[in-house]
Amino acid sequence: RRSNIGSSSMTVVGGESSGDTDDTDEAGGSSCAAAALLQIRGGGTISNDSGGSIRRLAKRYGVDLPTNELDELPSKFASAVLTSSTTSLAEAMQRSNADARFLVVYISRQGSSKANGVAIPNLMSREMIKLANRRPLGKKQNSDTSSYYIWIVDDDGDYDSALKRLKIKPPAKRKSKSSSSKSVAPPILAIVNPSTSVSSSGKLTVTPSVLSQHHCQPPPGSPEVLTSWINATRKRHLR
């Protein structure tokens with residue numbers, strides 16, 4: 001179930017994540033809904049993916065999910081990937097803030113098939129999931145701490161509200177090769193640091209700080225290029 005959190009002004013709080021971790025689980029763990037926002041501790045299993053949003057997204061863009069013999073997703077994968085159809089941006093930021101993680105956001109209309117066909121498989125790759133679950137530098141080293149959540153817009157109805165919430169604009173449009181009269185808005189790929197601030201009314205709110213935005217023309221062409229870009233951002237923001 002989705003909830004709403006009021007928006008507020010942006011604040012900049014930097015941070016870095018680094019260190020080694022185990023590879024993404026290849027077996028075991030129940031298939032789960034990242035939307036359920038259940039806390040994963042020690043790489044355990046979580047509830048079933050009732051909405052199947054991760055599977056639908058993977059099927060749409062030809063992603064080979066790392067399921068086990070029971071066709072279940074490993075918990076480290078399912079807990080790291082959030083989709084807008086089941087987890088609002090406000091919920092994703094709240095969870096990232098509570099778990100002291102950065103939030104990698106990908107905002108695109110579903111009609112941007114060429115860009116999505118490159119970016120989404122890379123965002124859901126084993127390399128990216130491994131990076132998302134790395135233990136951050138400067139934090140107590142235990143199995144409860146990871147570095148990132150990945151939030152992907154899979155519903156066009158969430159596109160405009162996400163841009164407004166993050167106060168971010170897409171890069172300048174380029175003309176589509178298929179038609180000289182049409183232009184295609186590039187997707188948004190950004191790293192966000194949600195932090196807690198006090199509103200004018202004295203309430204605690206979670207506010208987004210956009211640490212880095214990729215030009216996405218084209219998006220990172222491989223998992224290695226994507227994780228390299230993310231790591232470069234981490235090095236500039238010490239937590």
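Buried, in what follows, means under 20% relative accessible area, with exposed over 50% and partly exposed in between, using a 1.4 Å probe and protein chains only. This is a predicted model, where local features need pLDDT of at least 70, side-chain atom pairs count only at pLDDT 80 or more, and totals for chains, interfaces and linings use all residues. Residues are numbered from 1 along each chain as its sequence is written, and side-chain values use heavy atoms, with hydrogens and water left out.

Let's start with helix 4, residues 113–123. Helices (H or I, at least four residues) and strands (E, at least two) are DSSP runs, numbered from the N terminus. Buried in helix 4 are A115, N116, A119, I120, P121, N122 and L123. What do they pack against? Helix 1 (53–60), helix 5 (126–132) and helix 7 (223–236) are partners, and so are strand 2, strand 3 and strand 6 (188–198). Contact here means heavy atoms within 4.5 Å.

Two strands pair if DSSP finds at least two bridges between them.

Next, strand 6. Nine of its 11 residues are buried, so strand 6 is largely enclosed by the rest of the structure. Strand 6 pairs with strand 2 in the antiparallel sense over five bridges. There, Y106 has L189 as its bridge partner. With strand 7, the pairing is antiparallel over 10 bridges. I191 stands opposite S212, and V198 opposite L204. Five residues lie between the strands of that hairpin, and G202 takes a positive phi near 90°.

Last, the rings. How many aromatic pairs are there? One. F102 and Y148 are tilted, 6.1 Å centre to centre, with 50° between the planes. The cut-offs: Phe, Tyr and Trp rings (for Trp, the six-membered ring) pair with centres within 6.5 Å; planes under 30 degrees apart are stacked, over 60 edge-to-face, the rest tilted. F102 and Y148 are both buried.
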